[in-house]
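Please read the following note beside the model; it is written for a colleague who has not seen this structure before, and its points can be checked one at a time.

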Amino acid sequence: MSTRVDPILLDEIKDYGAINPEACFNCGNCTAICPLTTDDHPFPRSTIRQLQMGLRDQLLESADPWMCYYCGDCTRTCPKGAEPAETMMAARRWLTAQYDGSGLGAKLYTSERAVFRLVARYVVLTLVAFIVYHALTGFDRIVTDRVELNTFAPVMLVWAFVLVHFAFLGFRLGKNTLNMANRVMRSTSEQVKIPLSVYVSEFKAFVTHFVTQKRWRDCNDVDHSRWLKHLLLVSGYVTMLVLIVPLLWWFQTDNIYPVYHPQRWLGYYATIVLLFASVEILIGRYRRREELHRFSHPTDWLFPTFILVSSVTGILVHIFRYAGWAWPTYIMYVVHLMAVLAMLDTEVGIGKWTHMIYRPLAMYLDAVKKRARQEKSAPELAPAGTD
Ligand code: SF4
Ligand code: SF4
């Protein structure tokens with residue numbers, strides 16, 4: 001592993017939201033109090049040390065920032081006000097940007113103007129797409145005496161666009177995830193040859209941590225309330241993704257189904273959960289009472305705001321459609337699409353959302369490393385005469 005020292009690393013991480021990492025004098029209180037740290041991963045002290053010493057390559061190859069769940073215990077016990085929890089958060093933003101080769105992630109985290117430009121791009125593109133479509137098919141074909149959403153925005157056309165967009169987002173996410181895996185495994189792969197069977201047998205660690213995010217429970221979450229809320233948010237988000245990616249052809253309909261029909265209650269479930277979770281997060285960030293809400297980077301506001309706008313506009317489309325108001329339904333549908341597209345493009349693969357993949361991946365790769373080391377040392381430890 002390279003030990004090249006980079007004197008600008010500390011300032012660079014401050015651009016991503018680290019507050020006072022230079023004040024750390026390496027006492028280790030934070031690591032001693034952290035409920036998630038281990039002998040192999042003595043964060044946050046080790047991460048702050050890497051920053052202070054400018055060990056860029058070591059930080060790039062470290063999965064430690066992904067193992068922190070931001071309970072804030074370390075910050076409460078730091079005698080120097082070095083804000084270790086916020087430094088871990090900034091390190092995660094920095095790593096997310098480094099895994100993304102396009103540079104878009106870096107712009108997103110370091111320039112509010114870039115965020116504005118990206119959102120504006122989706123607002124304009126969506127608007128232009130609708131204007132061009134209706135200019136080509138004839139504005140007089142828009143039905144206004146009743147609501148016909150699938151005439152205004154034909155579901156198969158919208159669905160085709162959604163699938164193409166998701167193919168692009170999936171490619172970006174997959175590329176960045178591979179980038180992370182290559183970096184995190186680099187030093188171990190140089191020392192130990194890891195058989196494919198180890199990657200396969202330990203994959204259950206990825207699935208378990210992805211589905212349950214169970215380390216939240218160990219992170220100063222005595223009554224598990226934060227973990228449960230996060231689980232609820234993920235369930236709402238996944239339900240909505242399923243409804244709009246593989247099932248849009250079924251979900252976007254002009255039929256009015258009875259309230260017990262799954263098309264309605266699945267939509268209601270996802271919308272209510274997303275609405276509740278986004279409002280709760282935004283209020284928490286506004287009040288700043290909890291440790292994890294004391295500092296908010298602009299991108300911390302972005303994701304819950306997108307979820308809130310998408311949920312509210314989705315609800316309004318629903319209400320206007322049932323009320324039979326054609327133009328309010330169509331206009332709100334366009335706004336809803338703008339919010340969803342901008343959210344997906346600023347989050348998947350480059351934004352805060354991506355921790356859903358990187359956190360379980362960090363735990364999975366750690367399990368692979370441990371198993372590979374065990375397998376390497378097993379024959380050496382076996383008593384003479386055995387095989
Ligand atoms: S961040 Fe604070 S508690 Fe942690 S090692 Fe530095 S000075 Fe000590
Ligand atoms: S925020 Fe919590 S989990 Fe993260 S390093 Fe500090 S004590 Fe550990």
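1. Asp11 is exposed because 11 other C-beta atoms lie within 10 Å of its own, where exposed stands for 12 or fewer such atoms, buried for 20 or more, and partly exposed for anything in between, with C-beta atoms placed from the backbone. The residue is found in helix α1 (residues 9-15), helices being DSSP runs of H or I with at least four residues and strands runs of E with at least two, numbered from the N terminus. Between the C-alpha atoms of Asp11 and Glu22, which are eleven residues apart along the chain, there are 9.5 Å.

2. This is a predicted model, in which local features need pLDDT of at least 70 and side-chain atom pairs count only at pLDDT 80 or more, while totals for chains, interfaces and linings use all residues. Residues are numbered from 1 along each chain as its sequence is written, and chains are lettered from A and ligands numbered from 1 in the order in which they are written. The mean pLDDT (the predictor's confidence in each residue, from 0 to 100) is 91 for the protein, with 96% of its residues at 70 or more. Over residues 380-387, however, the pLDDT is below 50, and this stretch has zero contacts in the model beyond near neighbours in sequence, a contact being two residues whose C-beta atoms, placed from the backbone, lie within 7 Å. Where pLDDT is low, the predicted coordinates should not be read in detail.

3. As for the overall build, the protein has 20 helices and zero strands, and of its 387 residues 33% count as buried. Its C-alpha atoms fill a box of roughly 85 × 55 × 40 Å, taken along the principal axes.

4. The protein is divided into domain 1 (9-99) and domain 2 (104-372), with bounds that come from an automatic or database domain assignment. The two centres, taken over C-alpha atoms, are separated by 27 Å, and 25 residues of domain 1 are in contact with 28 residues of domain 2. On the side of domain 1 that touches domain 2, α5 (64-67), α6 and α7 each supply at least two residues, and the largest share, seven residues, comes from α7.

5. Around ligand 2 there are 15 residues, of which the closest are Cys34, Cys68, Cys71, Cys74 and Ala85; a residue is counted here if its C-beta atom, placed from the backbone, lies within 6 Å of the molecule. The elements giving two or more residues to this shell are α6 (73-77) and α7 (84-99), and α7 provides the largest share, three residues.

6. Ligand 1 is surrounded by 13 residues, the closest being Cys24, Cys27, Asn29, Cys30 and Cys78. Here the elements that give two or more residues to the shell are α2 (29-33) and α3 (45-52).

7. Helix α18 (residues 298-323) has 26 residues that should span 38 Å at 1.5 Å a residue, and its end C-alpha atoms are 37 Å apart, which agrees; the expected span is 1.5 Å times one less than the number of residues. Among the buried residues of α18 are Leu302, Phe306, Ile307, Val317 and Phe320, and its buried residues pack against α8 (104-110), α9 (112-137), α10 (149-152), α17 (262-287) and α19 (326-347). Just after α18, Gly324 takes a positive phi of about 80°.
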